[in-house]
Amino acid sequence: MTREEVMEKVIEFAAMAFKKDAGEIKEETNISQELGVSSLQRITMSASIENEFDVTIPVARFGNFTTIGDLVDYIMDEM
């Protein structure tokens, strides 16, 4: 799977979890500042990513990702 394909899916999951328009979410979107810090929303997004890409994202680690691109880089490294 290419980075672009992973990015597309992560944006889709972020849009669903944070109830945002996927068109507004980009690689440089700041997860905390632009999407939100709700633990439930982050867990929802994390679970979708883990199921789709067969990777594990520790809950404590999710908060360390500043942007969507940072999260995608982590997923690419773990796949």
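Predicted model: local features only at pLDDT ≥ 70, side-chain atom pairs only at ≥ 80, totals over all residues.
## A loop residue to start with

Lys19 sits in the loop that joins H1 and H2. Coming just after H1, Lys19 takes a positive phi of about 55°. Most residues other than glycine have a negative phi, and Lys19 is a residue other than glycine with a positive value. Is Lys19 buried or exposed? Lys19 is exposed, because its relative accessible area is 71% and the cut-off for exposed is over 50%.

Asp54 is another residue to look for. Its phi is near 55°, again a positive value in a residue other than glycine. Asp54 belongs to the loop between H3 and helix H4 (59-62). With 70% relative accessibility, Asp54 counts as exposed.

## The helical domain

The UniProt record, an unreviewed entry, places a feature called "domain: Carrier" at residues 4-79. Over residues 4-79, the chain is 66% helix and 0% strand.

Now take helix H1, which covers residues 3-18.

## What H1 hides

Which residues of H1 are buried? They are Val6, Met7, Val10, Ile11, Phe13, Ala14, Ala15, Ala17 and Phe18. The cover over these buried residues includes helix H2 (31-35), helix H3 (39-53) and helix H5 (68-78).

In soluble globular proteins, nonpolar side chains tend to be buried together. Here, the largest nonpolar core holds 24 residues, and the members touching the most others are Val10, Met45, Ile49, Phe53, Ile57, Ile68 and Leu71. At least two residues of this core come from each of H1, H2, H3 and H5. H1 gives the largest share, 9 residues.

Setting aside neighbours within four places in sequence, Leu71 is in contact with Val10, Met45, Ile49, Ile57, Phe62 and Phe65.

## Pairs of opposite charge

Side chains of opposite charge can pair when their charged atoms come close. How many salt bridges does the model contain? The count comes to 3.

One of these salt bridges pairs the side chains of Arg3 and Glu27, at 3.1 Å from N to O. This pair links distant parts of the chain, with Arg3 in helix H1 and Glu27 in the loop between H1 and H2, 24 residues apart. Arg3 is partly exposed, with a relative accessible area of 24%, and Glu27 is partly exposed at 36% relative accessibility.

Arg3 also meets the side chain of Asp73 in a salt bridge, at 2.7 Å from N to O. Asp73 lies in helix H5 and Arg3 in helix H1, so this pair ties together parts that are 70 residues apart in sequence. Asp73 counts as partly exposed at 34% relative accessibility.

## A pair within one helix

Glu12 forms a salt bridge with Lys9, and their closest N and O atoms are 3.6 Å apart. Why are Glu12 and Lys9 separated by about one helical turn? Because they are 3 residues apart in helix H1. An α-helix has 3.6 residues a turn, so residues three or four places apart point the same way. Glu12 is partly exposed, with a relative accessible area of 33%, and Lys9 is partly exposed at 21%. Elsewhere, salt bridges that share partners join Arg3, Glu27 and Asp73 into one network.

Note on methods
Residues numbered from 1 in each chain as written. Heavy atoms only, no water. UniProt positions renumbered as here; feature names shortened; annotations may be inferred. Helix = DSSP H or I, 4+ residues; strand = E, 2+ residues; numbered from the N terminus. Expected span 1.5 Å × (residues − 1). Buried < 20%, exposed > 50% of the residue type's maximum accessible area, 1.4 Å probe, protein only. Contact = heavy atoms within 4.5 Å. Core = buried A, V, L, I, M, F, W, Y, C linked by side-chain atoms within 4.5 Å. Salt bridge = Lys/Arg side-chain N within 4 Å of Asp/Glu carboxyl O.
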